[in-house]
Amino acid sequence: MTTAAAPATRTRVLADIIARPSSRARAFAIDAGLVLAGVAVVALLAKVSFFIGPIPITGQTLGVILVGAALGSARGAAAMTTYMFVGLLGLPVFAGPVAGPAYLLAPSFGFILGFIPAAFVAGWFAERAWDRKPLLAFTGFVIASVIPFVIGIPYMAFILSTVMGQDISPAGVLDAGLWPFIVPGLIKAGFAALLIPGAWALVRRIDAAKKR
């Protein structure tokens, strides 16, 4: 007789350190505030950008990883969904000055779509305590960082060829949307893998000091 394996247990993420009020309304308000804070973080890091072609190198992916890991899967995905809609409504939260509904036709919009599952995956790993140790955190964050490219590169190719009428090749697409981003992506994942476990180390130190 066999038994099914027990599902992985969700552990608290950094945002769960905030005291949870008993009132549903207050809990919702806290979650909403955390989501908006996540939007602000990614919006600020989006302005750290270097345009090297149709897709800029930005700090957005770092922000997505940090927000997903700090808020958890559900709130992280909600923050990135909110970020996308806020930009489509016209607020300048994306890289560069362009925003509004027309951004749907930008070659980089597919990467924005990919931020939603990327934040969810970063949060999913954090909920399983992968964010406590740098090596595990780096592994999880690299996996999360890949997701925007899985969505963004085909979207970019479609916009460049269909909307902009450019004659593109698979090699050209990869040159524009993948190869220049590998090393910066690894650096951003590595930085996040130091920052988030470092934050947890600080939390443990504070908790230990309170018990003295």
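## Close-up views of a predicted model

**View 1. The largest pocket and its lining.** The largest pocket is lined by 24 residues, and those that lie nearest its centre are Thr61, Ser145, Phe149, Phe181 and Lys188. Strand S2 (57-58), helix H2 (60-71), helix H4 (109-126), helix H5 (134-163) and helix H7 (182-211) are the elements that give two or more residues to this lining. Helices (H or I, at least four residues) and strands (E, at least two) are DSSP runs, numbered from the N terminus. The volume of the largest pocket is about 400 Å³. Sorted by class, its lining holds 17 nonpolar, six polar and one charged residues. Here Ala, Val, Leu, Ile, Met, Phe, Trp, Tyr, Cys and Pro count as nonpolar, Asp, Glu, Lys and Arg as charged, and the others, Gly among them, as polar. On a 1 Å grid over the protein atoms alone, a pocket is an open set of points where a 1.4 Å probe fits, with protein on both sides within 12 Å along at least five of seven lines, and lining residues have an atom within 4 Å of a point. Points are joined across faces, edges and corners, and the volume is the space filled by probe spheres set on them.

A note for every view: this is a predicted model, in which local features need pLDDT of at least 70 and side-chain atom pairs count only at pLDDT 80 or more, while totals for chains, interfaces and linings use all residues. Residues are numbered from 1 along each chain as its sequence is written, and side-chain values use heavy atoms, with hydrogens and water left out.

**View 2. Tyr83 meets Phe94.** How are the rings of Tyr83 and Phe94 arranged? Their centres are 5.4 Å apart and their planes stand at 75°, so the pair is edge-to-face. Rings of Phe, Tyr and Trp (its six-membered ring) pair if their centres lie within 6.5 Å; planes under 30 degrees apart count as stacked, over 60 as edge-to-face and the rest as tilted. Tyr83 belongs to helix H3 (residues 73-88) and Phe94 to the loop between H3 and H4, eleven residues apart. Tyr83 is buried, with a relative accessible area of 0%, and Phe94 is buried at 0% too. Buried means under 20% relative accessible area, exposed over 50%, and partly exposed in between (1.4 Å probe, protein chains only).

**View 3. Phe109 and Tyr155, a tilted pair.** The ring centres of Phe109 and Tyr155 are 5.8 Å apart with planes at 55°, so this pair is tilted. Phe109 sits in helix H4 and Tyr155 in helix H5, so the pair ties together parts 46 residues apart in sequence. Phe109 is buried at 3% relative accessibility, whereas Tyr155 is partly exposed at 22%. Now put the pairs together: Tyr83, Phe94, Tyr103, Phe109 and Tyr155 form one aromatic cluster. Across the whole structure, a search finds eight aromatic pairs.

**View 4. A charge over a ring.** Look for Arg132, whose charged end sits over the ring of Trp200, 3.7 Å from the ring's centre. A charge sits over a ring if NZ of Lys or CZ of Arg is within 6 Å of the ring centre and within 35 degrees of the ring normal.

**View 5. The largest nonpolar core.** In soluble globular proteins, nonpolar side chains tend to be buried together. The largest nonpolar core here has 48 residues, of which Val64, Met80, Tyr83, Tyr103, Ile112, Phe141 and Ile196 touch the most other members. Helix H1 (24-46), H2, H3, H4, H5 and H7 each supply at least two residues. Which helix gives the most to this core? H4 does, with ten residues. Such a core is a set of buried Ala, Val, Leu, Ile, Met, Phe, Trp, Tyr and Cys residues joined through side-chain atoms within 4.5 Å.

View 6. Ala46 lies in helix H1 and is buried, at 0% relative accessibility. Its C-alpha atom is 4.8 Å from that of Gln60, 14 residues away along the chain. Ala129 is found in the loop between H4 and H5 and is partly exposed, with a relative accessible area of 26%. Although Ala129 is not a glycine, it has a positive phi of about 65°.
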